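Please find below my note on the model you sent.

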Number of protein chains: 2
Amino acid sequence: MRSSKQRDEVLKVLKSSCDHPTADMIYERVKEKIPNISLGTVYRNLGQLHDEGLITIVESSDKKVHYEGNLEDHIHFLCKKCDVITDIFHKNEVPKVFDNLGHLVESQKTVYYGICKDCRNNI
Amino acid sequence: MRSSKQRDEVLKVLKSSCDHPTADMIYERVKEKIPNISLGTVYRNLGQLHDEGLITIVESSDKKVHYEGNLEDHIHFLCKKCDVITDIFHKNEVPKVFDNLGHLVESQKTVYYGICKDCRNNI
DNA sequence: ACTGTAAATAGTAATCGTTACTATTTAGAG
DNA sequence: CTCTAAATAGTAACGATTACTATTTACAGT
């Protein structure tokens, strides 16, 4: 992968973002430094950075993909009313943390990602 | 909510599906019973059923929303190559189960859903 | 049963996040 | 300095989902 100032800036913006911005939000922020950057460039670089494992994707409920630059192991709380995503770093004390934050938990989803048996064997 | 044969059939199809079908797949299956049902009707009813808590949404990586009629508490394994979603019901023995299934786990995501503090207070 | 109504539907058009395409620019190896 | 393939800007296209509208339908009140 060749270096590019566009990709560097996308990564820099994401690493310094505390929210979980969408491609469009990242585009607006990068434009402050590189005014003529293309939205397609942002999408392509987000895809590459994700493939390289330098950023992660956070699913939301607003039909947009949200990105995250913080690779530290943590979980998310997603408000179904306002769609705000909260980071929770104290995995082991989840019930207590939510009590302290004042959030009402209604459900939970856990997904494991990887390669299934068939895909490991074929090729 | 008024009853409708369309909604009943959408729910019936989903309850008897072992995969995790998309709106389009559900549409095709319901058409066998109700040939002139509209895709929009399927989408609207899936939304209503989800609001009522009768079905759940499974995020995938193919940009489509997948639905599930099985409300039993379980987690998912998502293959990043073929996008197949596997149900895992033995939560407590996760590493062992994946060993047995032959799946290679690379990462994990946990999300809690609910109402955040601000949304609980405002209104 | 009959009627009024608001909800639900079928069919179609519109939306919008994302991807594809193309001519041009650019990084970096030789 | 040159060559070449990767990266880019700008724009067009795509496709899953949602919105819209005239018509149908469930069902509560008579």
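This is a predicted model: local features need pLDDT of at least 70, side-chain atom pairs count only at pLDDT 80 or more; totals for chains, interfaces and linings use all residues.

1. Surroundings of DNA strand D. Of the atoms of DNA strand D that come within 4 Å of the protein, 72% belong to sugar and phosphate.

2. The residues of the surface near DNA strand D comprise 8 polar, 7 charged and 5 nonpolar ones.

3. Phosphate contacts. An N or O atom in the side chain of A:Arg7 is 3.3 Å from a phosphate oxygen of DNA strand D. For A:Asn36 it is a polar backbone atom that is placed 3.3 Å from a phosphate oxygen of DNA strand D.

4. Base contact. Chain B supplies a contact to a base: a polar side-chain atom of B:Arg2 lies 3.1 Å from a base oxygen of DNA strand D.

5. Elements involved. Two or more residues of the surface near DNA strand D come from each of α1 (5-15) of chain A, α3 (39-51) of chain A and α3 (39-51) of chain B. Which element gives the largest share of this surface? That is α3(A), with 4 residues.

6. Aromatic pairs. Over all chains, a search of the whole structure finds 4 aromatic pairs. One of them joins A:Phe77 and A:Phe98; the ring centres are 5.2 Å apart and the planes stand at 50°, so this pair is tilted. Because A:Phe77 lies in strand β3 (residues 75-79) of chain A and A:Phe98 in helix α4 (residues 94-101) of chain A, the pair ties together parts that are 21 residues apart in sequence. Are A:Phe77 and A:Phe98 buried or exposed? Both A:Phe77 and A:Phe98 are buried.

7. A pair between chains. A:Phe98 also forms a tilted aromatic pair with B:Tyr112, with 5.1 Å from centre to centre and 55° between the planes. This pair crosses between chains, from helix α4 of chain A, which holds A:Phe98, to strand β5 (residues 104-115) of chain B, which holds B:Tyr112. B:Tyr112 is buried, as is A:Phe98.

Key
Residues are numbered from 1 along each chain as its sequence is written. Chains are lettered from A and ligands numbered from 1 in the order in which they are written. Side-chain values use heavy atoms; hydrogens and water are left out. A residue is near a molecule or strand if one of its heavy atoms lies within 4 Å of it. A polar contact is a pair of N or O atoms within 3.5 Å; within protein, one must be able to donate a hydrogen and the other to accept it, and residues adjacent in sequence count only if both atoms are side-chain atoms. Ala, Val, Leu, Ile, Met, Phe, Trp, Tyr, Cys and Pro count as nonpolar, Asp, Glu, Lys and Arg as charged, and the others, Gly among them, as polar. Rings of Phe, Tyr and Trp (its six-membered ring) pair if their centres lie within 6.5 Å; planes under 30 degrees apart count as stacked, over 60 as edge-to-face and the rest as tilted. Buried means under 20% relative accessible area, exposed over 50%, partly exposed in between (1.4 Å probe, protein chains only).
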